[in-house]
Amino acid sequence: MADVMSKSSLLRPCAGFVVRSSSSSSTKRGSSIVRLPSRVRFESLKSASLNGDFHGRRLVIGDGNGRHVKPSRRALPVQMGLSFGKSVKWWEKGLQPNMKEINSAQDLVDSLLNAGNKLVVVDFFSPGCGGCKALHPKICQFAEMNPDVMFLKVNYEEHKSMCYSLNVHVLPFFRFYRGAHGRLCSFSCTNATIKKFKDALAKHSTDRCSLGPARGLEEAELVALSSNKDLSFSYNTTNKKTLPVPALESMAEATIPSSSKAPFLEESPEEKKTLVSAGR
C-alpha cells in the first residue's frame with residue numbers, strides 16, 4: 001500500500017498540495033505527513049512506483065500547521081444527468097406524406113371509404129418480422145414515386161385481433177383496393193419476390209373511373225370485424241339494403257295508368273268512305 005501511494009501513485013502533487021516525510025517531534029516517529037489545503041483535488045490512479053518515499057510507514061493527513069485531520073466520511077452530492085435521444089423505429093423511417101399508420105378497425109374502414117377513386121395499398125407488417133424490415137425501404141420508395149397512391153400500414157402486433165378477422169396470417173402481406181371495385185388483389189411478397197408488388201402497382205395504378213362510391217372492405221369482413229368482441233367496431237347490416245327487382249306487372253302499372261289505353265291511331269270518317277268505294 002505504501003509503494004502504491006508514492007509520487008506517481010494515487011496522490012500526486014498539484015496546486016497547494018505537498019507530500020513529504022517528516023521525522024519532527026510533532027508527529028509520531030515513523031509516520032509521513034501530507035499537508036493539504038482546505039480543498040484537495042485527487043487525480044486518476046496511474047502506474048505505481050516500486051520505490052516510494054513512505055517505506056511502509058503510516059500515512060497521516062494534516063493541515064498546514066501539522067495537526068492531524070480526521071477523515072470525513074460525508075458523501076459529496078453529485079448531480080449527473082443523462083439524456084438519450086428518442087430512437088426512431090424502423091417502420092417510422094422514410095415515411096412519405098401518402099403513408100399512414102392505421103390505429104383501429106374504424107380507422108381502416110374510414111380510410112378506405114374516404115380514399116375515393118384512389119388506389120389504396122394496405123401493408124400488414126410486424127416489428128419483429130425480418131422480411132418486413134428489409135422490404136420497408138423499398139415500399140417507401142414506391143410511395144415516393146407514386147404520390148397518388150395511398151399506403152396504409154397495419155401493425156400486426158398492435159392489431160392481432162383485427163388481422164385475424166381479416167384473414168391475415170402471413171407477413172409481409174399486401175391488399176390493393178380501389179373505388180367501387182373494392183379489393184383488387186392480395187398477396188404476400190419479400191425482397192426476392194418484389195416483382196410481384198411492382199407488377200400489381202403498375203397494373204392497378206393506371207387512370208380509371210369507378211362508377212359509384214368507394215366500396216372498401218367486403219361485407220363479410222365488416223361483419224367479422226363487428227362480431228369481434230376485442231374490437232370497438234360496429235356495423236349495421238340494415239344500412240345496406242338491396243332493392244328487389246319489381247315484377248313486370250308492377251312495372252307496367254307504374255309506367256302506364258290502368259284507365260288509359262295504348263295510343264293507337266284511329267281512322268277518320270273520310271278515310272273509311274274512300275276504303276269502301278275502293279272495295280267496290
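Helices here are DSSP runs of H or I with at least four residues, strands are runs of E with at least two, and both are numbered from the N terminus. With that in place, D123 is in strand β5.

Before I go on, the ground rules. This is a predicted model, with residues numbered from 1 along each chain as its sequence is written, and local features need pLDDT of at least 70, while side-chain atom pairs count only at pLDDT 80 or more. Totals for chains, interfaces and linings use all residues, and side-chain values use heavy atoms, with hydrogens and water left out.

The overall picture first. The protein has seven helices and eight strands. Of its 280 residues, 31% are buried, where buried means under 20% relative accessible area, exposed means over 50%, and partly exposed is in between, using a 1.4 Å probe and protein chains only. A contact means heavy atoms within 4.5 Å. Among contacts with a separation of 6 or more, 72% are between residues 24 or more positions apart.

Back to D123. D123 counts as buried because its relative accessibility is 6%. Setting aside neighbours within four places in sequence, D123 contacts I139, L152, K153, V154, F173 and F174. K153 is also the bridge partner of D123 in β6.

That brings in the strands around β6. Two strands pair if DSSP finds at least two bridges between them. β5 and β6 are parallel, with six bridges. Strand β4, residues 99–101, also runs parallel to β6, joined by three bridges, and M99 has F151 as its bridge partner there. β6 itself covers residues 150–155, and five of its six residues are buried.

P147 is exposed, because its relative accessible area is 55%. Its C-alpha atom is 6.3 Å from that of N98, a residue 49 positions away along the chain.

Now the cavities. On a 1 Å grid over the protein atoms alone, a cavity is a set of points where a 1.4 Å probe fits but cannot get out, and lining residues have an atom within 4 Å of a point. Grid points are joined across faces, edges and corners, and the volume is the space filled by probe spheres set on the points. On this rule there are three cavities of 30 Å³ or more.

What lines the largest cavity? The residues are W90, D123, F125, C132, L135, H136, I139, K153, P172 and F174. The volume of the largest cavity is about 50 Å³. β5, residues 119–125, and α2, residues 130–145, each give at least two lining residues, and α2 has the largest share, with four. By class the lining has seven nonpolar, one polar and two charged residues. For the classes, Ala, Val, Leu, Ile, Met, Phe, Trp, Tyr, Cys and Pro are nonpolar, Asp, Glu, Lys and Arg are charged, and the others, Gly among them, are polar.

The second largest cavity also comes to about 50 Å³. Its lining includes L112, V120, Y177, R178, G179 and G182. By class that lining has five nonpolar, four polar and three charged residues.

The hairpin has three residues between the strands, and G179 takes a positive phi near 45 degrees.

Both F176 and C185 are in contact with H204. H204 is in helix α4, residues 194–204, and is buried, because its relative accessibility is 9%. Leaving out neighbours within four places in sequence, L119, R178 and L184 are also in contact with H204.

Last, helix α5, residues 219–227. Which residues of α5 are buried? They are E221, L222 and L225. These residues lie on the same side of α5 because they cover an arc of only 100 degrees around the axis, the arc being that of the directions from the helix axis to the C-beta atoms. On the other side, A220 and S227 are exposed. The cover over the buried residues includes α1 (105–114), α3 (160–165), β7 (173–178) and β8 (182–188).

Technical notes: On a 1 Å grid over the protein atoms alone, a cavity is a set of points where a 1.4 Å probe fits but cannot get out, and a pocket is an open set with protein on both sides within 12 Å along at least five of seven lines; lining residues have an atom within 4 Å of a point.
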